[in-house]
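Hi,

Here is the structure I promised to pass on.

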Amino acid sequence: MSTATHASGDLTRPDQEPPTPPAPGRRSESRGAGIGSRIFNGFSHLFLLVWAVMVIYPLLWVVMSALKSDSEVIREPLSLIPDTLHWDNFTRAWGAGHLGAFFLNTILVLVGSVFLTMLLGSMAAYVLARYEFPGNRLIYYMFLTGLTLPIYLAAVPLFKGVYNMGVVFPLLGPNKHLMLIVVYVAWSLSFTIFFMHSFFRTLPNSIAEAAMVDGASHSRLFFSVMLPMSKPGLISIGIFNVLGQWNQWYLPTLLMQSVGGEPKNSVISQGLIELSVNQGYKSDWSGLFAGVTMAMLPVLIVYIVFQRQVQSGLAAGVGK
C-alpha cells in the first residue's frame with residue numbers, strides 16, 4: 001500500500017487545473033464600478049440631506065418663531081432658539097385673531113366635502129372600472145378633463161353662478177358653508193375618480209363573483225365587499241383631499257364674501273391671510289406665526305398617523 005503526501009497548503013487534486021486568476025482588465029472594471037457606485041451613493045445621500053434640511057428647517061423656523069416675542073422675530077429672524085417661550089402667542093392668535101372661528105368653519109366644510117367626495121367619487125369610479133356599458137370610456141375621460149382645467153379659468157362663471165344661485169337657493173349662495181362644500185366636491189371629484197378607478201381595477205373578480213352567486217345585489221356588493229377591500233386607497237385619496245381642501249385659499253377668497261353686511265365665514269387659510277393683511281402698521285408677527293403653526297399641525301399629524309396606509313394605497317393604485 002502506498003500513500004501520497006501533499007503540501008499542507010495545496011488542496012488541488014492532481015487531475016484538476018489550478019484556478020486561473022482574474023484578468024487585469026476585469027479587475028480594473030470591477031474596481032471602477034465599485035468607485036462609481038460609492039460616488040453615486042455619496043451624491044444621493046448628500047441630496048437627501050440637503051432636501052431634509054430644506055423641508056425640516058422651515059417647519060422648525062415657523063414653530064420656534066411662534067414662541068418668540070415680536071422684537072425677537074424682527075431682531076433675529078432666522079434664529080431657532082427663543083430667549084423666552086411666549087405661550088401666550090397661541091392664546092392671542094386663537095382669541096384676538098379669531099382662529100377658533102376659522103377652525104370651526106374649516107372643519108364644518110371639510111367634514112361635508114370630504115365625505116361627499118369620497119362617497120360619490122368611489123361610487124363613480126367603481127362603476128366605471130368594473131362595469132362595461134356604452135359610453136363608459138367617454139364618461140371616464142370627461143371626468144379626467146377636469147384635471148386639465150385650471151380653477152382660475154372658471155373663476156368668473158363660478159362667481160356669477162354662485163351669486164345667481166343664491167337668489168333662488170340662499171343656502172347655495174355666497175358666504176354659505178353648503179355652497180363651499182358643493183364647490184369643493186366638484187373641484188376634488190376628478191382626481192378622486194382617477195385614483196380610485198385604477199385601484200378598483202386591481203381588486204380580484206373572484207370575490208365579486210362569489211358574492212353575486214350568494215345573492216348579493218350590486219349595491220350590497222359595493223358597500224359590503226368592494227368598498228372595505230379598497231380601504232388603503234380610500235385612506236390615501238382621503239388624505240390628499242383633506243390636504244388639498246384644508247390648504248385651499250383661492251376658492252374661499254372668491255366665494256366666501258360678505259353679502260348685506262353679514263359676518264364673513266372665513267376658513268383657516270383665508271383667515272390667516274386676512275390676519276396678516278389687517279395688521280396694518282401694527283406688527284403682531286409672533287401671533288401670525290402661532291396661527292400658522294396651529295393651522296399646519298392638524299394636517300401634519302394626520303399624515304404622520306396614516307403614513308403607512310398612504311404608501312400602501314399608492315403602491316396598490318399604480319400596481320396594475
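**What I found**

Helices α5 and α7 are oblique to each other. Keep in mind that this is a predicted model, so treat everything below as computed from that prediction. The α5 helix covers residues 136–144 and α7 covers residues 177–201; their axes are 8 Å apart and the packing angle is about 130°. On the α5 side, the contact uses R137, Y140, F143 and L144, and these meet L189, S190, I193, F194 and H197 of α7. Sorted by type, the residues of this contact come to six nonpolar, two polar and one charged.

Helix α10 (residues 231–246) and helix α13 (residues 285–305) have axes that come within 11 Å and cross at roughly 170°. Angles over 145 degrees count as roughly antiparallel, and that makes α10 roughly antiparallel to α13. From α10, the residues involved are I239, L243 and W246, while α13 brings A295, P298, V299, V302 and Y303.

**The chain overall**

Stepping back, the secondary structure amounts to 14 helices and zero strands. The chain has 320 residues, and 32% of them count as buried. If you take the contacts with a separation of 6 or more, 71% of them join residues 24 or more positions apart. As for the surface, the chain exposes about 19800 Å², with carbon and sulfur atoms supplying 70% of that.

In general, nonpolar side chains tend to be buried together in soluble globular proteins. Here the largest nonpolar core has 42 residues, and L99, M196, F200 and I268 are the ones with the most contacts inside it. Which helix gives the most to this core? That is α4 (residues 99–130), with 10 residues. Leaving out neighbours within four places in sequence, I268 is in contact with L99, F102, F103, T106, W246 and A295. Another core, of 14 residues, lies apart from the largest one, and its members include V109, M179, V185 and V267.

**Single residues worth a click**

- S266 sits in the loop between α11 (250–255) and α12 (268–277). Is this serine, S266, buried or exposed? With a relative accessibility of 2%, S266 counts as buried. Beyond its neighbours within four places in sequence, S266 is in contact with A101, F102, N105, G271 and E274.
- F90 is in helix α3 (residues 88–95) and counts as buried, at 16% relative accessibility. Setting aside neighbours within four places in sequence, F90 is in contact with A66, L67, A290, T293 and M294.
- F195 lies in helix α7 and is buried, with a relative accessible area of 10%. F195 and L234 are 39 residues apart in sequence, and their C-alpha atoms are 9.3 Å apart in space.

- H98 has a phi of about 60° although it is not a glycine. H98 is in the loop between α3 and α4 and is partly exposed, with a relative accessible area of 49%.
- N175 has a positive phi too, of about 65°, and is likewise not a glycine. Where is N175 found? N175 is in the loop between α6 (155–168) and α7. With a relative accessible area of 1%, N175 is buried.

That is what I have for now.

Cheers

Definitions and conventions. Residues are numbered from 1 along each chain as its sequence is written. This is a predicted model: local features need pLDDT of at least 70, side-chain atom pairs count only at pLDDT 80 or more; totals for chains, interfaces and linings use all residues. Side-chain values use heavy atoms; hydrogens and water are left out. Axes are lines fitted to C-alpha atoms, for helices over the stretch in contact, and angles run from 0 to 180 degrees between N-to-C directions. Helices (H or I, at least four residues) and strands (E, at least two) are DSSP runs, numbered from the N terminus. Angles under 35 degrees count as roughly parallel, over 145 as roughly antiparallel, 65 to 115 as roughly perpendicular and the rest as oblique. Contact means heavy atoms within 4.5 Å. Buried means under 20% relative accessible area, exposed over 50%, partly exposed in between (1.4 Å probe, protein chains only). A nonpolar core is a set of buried Ala, Val, Leu, Ile, Met, Phe, Trp, Tyr and Cys residues joined through side-chain atoms within 4.5 Å. Accessible areas come from the Shrake-Rupley method with a 1.4 Å probe; for residues, only the protein chains shown count as cover. Ala, Val, Leu, Ile, Met, Phe, Trp, Tyr, Cys and Pro count as nonpolar, Asp, Glu, Lys and Arg as charged, and the others, Gly among them, as polar.
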